[in-house]
Amino acid sequence: MSLILQDVRRRVQPQRLLGLARKLVAIPSPTGHAGKVLDALAAFLEGEGFVVNRPSAGHPGAPAVVARLVAELPGRTLQWDGHLDTVHLPFVPDRVDGNRLCGSGASDMKAGLAAAVEALLTLRDGGLLSAGCVLLTAHDLHEAPWGDGRQFDQLIVDGVVGDAVMIPEPLCDTLPTVGRGQACWKVAFRRPGPPVHEVMRSRDEPEVITAGARLVSQLTELEQSLRLKSGPMGLSPSIFVGLIRSGEIYNQFPQECLLEGTRRWLPGSTCEDVEREFRGIVAACCKETNATTEIEFRQVRDAFFLDTDHAIVSDFQESLRDVTGSPLPLGAKPFVDDGNSVWGLKHAPAITHGPRAGGQHTVEEWVDIDDLTRVALVYALTAIRFCSGVTDVELS
């Protein structure tokens, strides 16, 4: 592989990569409103001579971006996928600070996708893809709670998916082989009548704060029991309460108590199972307090599993060995991403691997500029191996 590695290194253009990353970061793209940055990526790829398709995939306000590099010989299809939407925080424009690119979406995950695009251009420039196809996709509606992944899910359902998928999210120290599914939940406990002073309330009216407190207590007990259910890589399912809101002042008898949080589960369980359990707990709190309730329970992603015997895993690890000198240790995925959808909807292998970065879901996002080049090298070498299905002996 040494000669091909030298050729790939020679053709990767770090300044071209950084230029595209900055272009993407410079465009505000909160979840649900990523149309302009997707347009910019499409225009860039068209300027490089690629045929770009723009399927709406159920979200016509921000059509997805789909481009392909197809070799002359048949082979496998490797997909590189990334979301270009960002969480709903104040926009921070792009800037370079030493060896870091900073700005909204820099780490999550515009710069990582730019590295994948650079790998695509490197393969194209050197005519290095001998067989098969590289499929590049980008989309909106990733970040919860404003999005639920349905645009990417629709692409998968419509057949826009590879034999294996690589996702340049900012995870670079381990190769995740298992991950939890996640749902976001909201519960509103309510009572009839207007807010009143505490001394004016009727003693037989439902107390919504009491209902909320009982739910927190019940979910705390559930969380303690879930921690004992250790799964692969030490992962455990969880239930989390992150928001409680009720009343306007200290001595007002409120009409409503709102709670929000997450529920995560291991492979082998389903969203339907955990939702049924959750609704049963809420119903018991209502029965005890006579409060009425409204429940929203929305799956963000299903659980995740990666078959380590699949060819994409060995091809990726060998490519890492070529670039860095060693493969990655296996680990757990700490978050949910589009790889969960790939596994849940198609049972296809998905590797999450991106640049060294930090500040995700904050206004202090950053990515290591030099590490973007490493990601581009690894992605290009993995495609050369996987798409053709040839051995290192044949590549040398």
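Which residues is Ile-295 in contact with, leaving aside its neighbours within four places in sequence? The first point takes this up. The model is predicted.

1. **Ile-295.** This residue lies in strand S14. Leaving aside neighbours within four places in sequence, Ile-295 is in contact with Lys-186, Val-187, Phe-278, Arg-279 and Val-282. Phe-278 and Ile-295 are 17 residues apart in sequence. From C-alpha to C-alpha, the two are 9.7 Å apart.

2. **Nonpolar cores.** The largest nonpolar core has 88 residues. Those with the most contacts inside it are Val-8, Leu-41, Leu-45, Leu-78, Trp-80, Leu-123 and Val-134. Helix H10, residues 369-388, gives the largest share of this core, 13 residues.

3. **Val-8.** Leaving aside neighbours within four places in sequence, its contacts are Thr-122, Leu-128, Leu-377, Ala-380, Leu-381 and Ile-384.

4. **H5 against H9.** Helix H5 covers residues 150-157, and helix H9 covers residues 338-346. They pack at an angle of about 40°. Their axes are 10 Å apart. The crossing of H5 past H9 is right-handed. From H5, the contact is made by Phe-152, Asp-153 and Ile-156. From H9, it is made by Asp-338, Ser-341, Val-342, Leu-345 and Lys-346. By class, the contact has four nonpolar, one polar and three charged residues.

5. **Gln-252.** Strand S12 spans residues 252-253. The side chain of Gln-252 is joined to that of Glu-248 by a polar contact of 2.8 Å. Leaving aside neighbours within four places in sequence, Gln-252 is in contact with Pro-195, Val-196, Glu-198 and Gly-247.

6. **Cis peptide bonds.** Two entries for a geometry check. Asp-108 and Met-109 are joined by a cis peptide bond, with omega about -5°. Met-109 is found in helix H4, residues 106-126. A cis peptide bond also joins Ala-144 and Pro-145, with omega about 5°. Pro-145 lies in the loop between strand S6 (131-139) and H5.

7. **Met-233.** Phi of Met-233 is near 60°, a positive value in a residue other than glycine. Met-233 sits in the loop between helix H6 (208-226) and strand S11 (238-246). Its relative accessible area is 46%, so Met-233 is partly exposed. The cut-off for exposed is over 50%.

8. **Asn-290.** Asn-290 is not a glycine, yet has a positive phi of about 65°. It is found in the loop between helix H7 (271-289) and strand S14 (292-301). Asn-290 counts as exposed because its relative accessibility is 57%.

Technical notes:
Residues numbered from 1 in each chain as written. Predicted model: local features only at pLDDT ≥ 70, side-chain atom pairs only at ≥ 80, totals over all residues. Heavy atoms only, no water. Axes fitted to C-alpha atoms, helices over the stretch in contact; angles between N-to-C directions. Helix = DSSP H or I, 4+ residues; strand = E, 2+ residues; numbered from the N terminus. Left-handed = near helix turned anticlockwise from the far one by under 90°. Contact = heavy atoms within 4.5 Å. Nonpolar A, V, L, I, M, F, W, Y, C, P; charged D, E, K, R; others polar. Polar contact = N/O pair within 3.5 Å; in protein donor to acceptor, adjacent residues only side chain to side chain. Core = buried A, V, L, I, M, F, W, Y, C linked by side-chain atoms within 4.5 Å. Buried < 20%, exposed > 50% of the residue type's maximum accessible area, 1.4 Å probe, protein only.
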